[in-house]
Amino acid sequence: MCNGGSNAMADNNSSRADALGVSPGEVEQFRGYLMRYALLQLRDQTSAEDVVQETLLAAVEGGDRFSGKSTVKTWLTGILKHKIIDQVRRQSREQPLLQGEDDERSEADVIDGLFKADGHWQNFPANWGDPGNALENKRFWETFETCARLMPVKTARVFMMREVMELSTEEICKELDITATNCWVMLHRARLSLRECLETKWFGRV
Amino acid sequence: MHIPTCRETSALLSQTQDRKLTLFERVGLRLHLVVCTGCRQLERQLAFMRSAVKRYLERDDHPPR
């Protein structure tokens, strides 16, 4: 009967861990968020599903490591980020940033195509009115996803590391083994490509 | 004082989101923006795009009806 007593104590402990917000049901509600996060960065449904699944599993199994100092969401995002960075390292070994010349050259043309030889815009950026209105429109987000997908692979990789994972230029340089200047050039290209796409497919039509 | 072109300005506006510009760069950027509507639009659009990525992640797929 002593055993019964210690079991009851173990149950008590586990329900306390659950109370901190790490039960399977509670982490599950963040799956959609984690998937969007992983998919923007990895651009591959299977890899994204894998890292999210691993994250949710790690969270449930390691629930006792959740200190309650941050929100469950922040904690999950931290775990996911580590798993994504491992994937990005793998991707960049398979498709290094400074090789794959064709892609790089066509990406460089993006900026050249937007400006005249004297540095003026070919077409001035249009007035987007109050772009905040678009955020409430489901169809805008479909356009946003399309434009994110249309970004060239390596440009998108750097852009998402900066904007989704919120890594600093220094961290991105270290992960991808590129110079800071190179990183800024790629981010410039990424932002102007995305801008161009959103204007053509959405704001130019409103 | 070299006032940056639109192409250079677009690079500076982008880099504003990644590093602290030098005083020289900031002055050049402001001088250009005063006279250029197109680059002022770009400045607003870059800020919007940054917030849109965050909103996209946070967005609820199943809003209560």
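**Entry 1: helix H5 of chain A**

Helices here are DSSP runs of H or I with at least four residues, strands are E runs of at least two, and both are numbered from the N terminus. I am working on a predicted model, where local features need pLDDT of at least 70, side-chain atom pairs count only at pLDDT 80 or more, and totals for chains, interfaces and linings use all residues. Residues are numbered from 1 along each chain as its sequence is written, while chains are lettered from A and ligands numbered from 1 in the order in which they are written.

At 1.5 Å a residue, its 23 residues should span 33 Å, and the end C-alpha atoms are 33 Å apart, which agrees.

Next I asked which residues of H5(A) are buried. For burial I count other C-beta atoms within 10 Å of a residue's own, with C-beta atoms placed from the backbone: 20 or more is buried, 12 or fewer is exposed, and in between is partly exposed. The buried ones in H5(A) are A:Trp75, A:Leu76, A:Thr77, A:Ile79, A:Leu80, A:Ile84, A:Val88 and A:Gln91. I found them packing against helix H2 (24-28), H3, H4, H8 and H9 of chain A.

I then picked out A:Leu80. Leaving aside neighbours within four places in sequence, A:Leu80 is in contact (C-beta atoms, placed from the backbone, within 7 Å) with A:Leu34, A:Tyr37, A:Ala38, A:Val51, A:Val52 and A:Thr55.

**Entry 2: chain A overall**

I counted 10 helices and 0 strands in chain A. Of its 206 residues, 31% count as buried. Among chain A contacts with a separation of 6 or more, 76% are between residues 24 or more positions apart.

Chain A is divided into domain 1 (2-94) and domain 2 (101-203), with bounds that come from an automatic or database domain assignment. The contact between them takes 10 residues from domain 1 and 9 residues from domain 2. On the domain 1 side, H3 and H5 of chain A are the elements that give two or more residues. H5(A) turns up again here, with the largest share of that side at 6 residues.

Ala, Val, Leu, Ile, Met, Phe, Trp, Tyr, Cys and Pro count as nonpolar, Asp, Glu, Lys and Arg as charged, and the others, Gly among them, as polar. That gives 5 nonpolar, 2 polar and 3 charged residues.

**Entry 3: the cores**

I looked up the nonpolar cores, meaning sets of buried Ala, Val, Leu, Ile, Met, Phe, Trp, Tyr and Cys residues joined through C-beta atoms within 7 Å. Which members of the largest one touch the most other members? Of its 46 residues, they are A:Leu34, A:Ala38, A:Leu76, A:Leu80, A:Val158, A:Phe159 and A:Ala190. Helices that each supply at least two residues include H5 (72-94) and H10 (180-203) of chain A, and H3 of chain B is also among them. H10(A) gives the most, with 9 residues. Domain 1 and domain 2 of chain A each put in at least three residues.

I also noted a second, separate core of 8 residues, which includes B:Cys6, B:Leu12, B:Cys36 and B:Cys39.

Chain B has 3 helices and 0 strands. Its radius of gyration (taken over C-alpha atoms) is 16 Å, well over the 11 Å that the globule rule (2.2 Å times the number of residues to the power 0.38) gives for 65 residues, so chain B is more spread out than a compact globule. The C-alpha trace of chain B spans about 55 × 25 × 15 Å along its principal axes. Buried residues make up 26% of chain B.

**Entry 4: two positive phi values**

Last, I checked the backbone of two loops. A:Arg43, in the loop between H3 and H4 of chain A, has a positive phi of about 55° although it is not a glycine. A:Arg43 is partly exposed, with 17 other C-beta atoms within 10 Å. A:Glu166 sits in the loop between H8 and H9 of chain A, and its phi is near 55°, again positive in a residue other than glycine. A:Glu166 is exposed, with 12 other C-beta atoms within 10 Å.

Note on methods
Contact = placed C-beta atoms within 7 Å. Expected span 1.5 Å × (residues − 1).
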